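Below are my entries, in the order I looked things up.

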Amino acid sequence: MQPNMRMLQQMQNRMAKIQEELAETIVTGSAGGGAVTVEVTGLQELKGIKLSAEVVDPEDVETLEDLLVVAVNDAMEKAKDLSSKKFGALTGGMKIPGLF
């Protein structure tokens, strides 16, 4: 059964709405028991980084760097999961390359 143009337009409109929702949704990743938090959108756009004073040690920059990497990766993974969940509902779980 071939999809008709109306069905394709409806799917395209739903995809655009999901992308808008993802752009407005903020997910948070953290490391060091919350000492470093990172906020990204559902579209994986970095929005903010918060550091607790105790992790800012000029004598130990490497630890802060490591915590930042862990927090960013955590936030990005959550954003990917959110995107997959939202688009998966639209595509019926079918993986479409480049969509998510």
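Predicted model: local features only at pLDDT ≥ 70, side-chain atom pairs only at ≥ 80, totals over all residues.

**Burial and fold**

I started with burial: of the 100 residues of the protein chain, 27% count as buried (buried is under 20% relative accessible area, exposed over 50%, partly exposed in between, with a 1.4 Å probe and protein chains only). Residues are numbered from 1 along each chain as its sequence is written, and side-chain values use heavy atoms, with hydrogens and water left out.

Next I went through the elements and found two helices and three strands, in the order α-β-β-β-α from the N terminus. These are DSSP runs numbered from the N terminus: helices are H or I with at least four residues, strands E with at least two.

**The core**

Which residues touch the most other members of the largest nonpolar core? I got V36, V40 and V55, out of 18 residues in that core. Such a core is a set of buried Ala, Val, Leu, Ile, Met, Phe, Trp, Tyr and Cys residues joined through side-chain atoms within 4.5 Å. α1, β1 (26-31), β2 and α2 are the elements that give two or more residues to it. The largest share, nine residues, comes from α2. In soluble globular proteins, nonpolar side chains tend to be buried together.

**Helix α1**

I checked the length of α1 (residues 5-24). Its 20 residues should span 28 Å at 1.5 Å a residue, and the end C-alpha atoms are 29 Å apart, so the two agree; the expected span is 1.5 Å times one less than the number of residues. At the start of α1, I saw a side-chain oxygen of N4 within 3.2 Å of the backbone nitrogen of R6.

**Salt bridges**

I searched the whole structure and got five salt bridges, each a side-chain nitrogen of Lys or Arg within 4 Å of a carboxyl oxygen of Asp or Glu.

- K17 and E21 pair up at 3.6 Å, N to O. They are four residues apart in α1, so about one helical turn separates them. E21 is partly exposed at 28% relative accessibility.
- K17 and E21 also belong to a salt-bridge network with K86.
- K50 bridges to E39, with the closest N and O atoms 3.5 Å apart. This pair links distant parts of the chain, K50 in strand β3 and E39 in strand β2 (residues 36-41), 11 residues apart. E39 is partly exposed, at 26% relative accessible area.
- D74 and K78 meet at 3.6 Å, N to O. Both sit in α2, four residues apart, so again about one helical turn lies between them. D74 is partly exposed at 25%, and K78 is partly exposed at 38%.

**Surface and loops**

What makes up the nonpolar surface patch of about 340 Å²? I listed L46, I49, L51 and V56. Patch members have over 30% relative accessible area and no salt bridge; nonpolar side chains (Val, Leu, Ile, Met, Phe, Trp, Tyr) are joined within 5 Å, like charges within 9 Å. Areas come from the Shrake-Rupley method with a 1.4 Å probe, and for residues only the protein chains shown count as cover. V56 lies in the loop between β3 (46-51) and α2 (61-91) and is partly exposed at 48%.

Last entry: Q44 has a positive phi of about 65° although it is not a glycine. I placed Q44 in the loop between β2 and β3, where it is partly exposed with a relative accessible area of 33%.

How values were computed: Polar contact = N/O pair within 3.5 Å; in protein donor to acceptor, adjacent residues only side chain to side chain.
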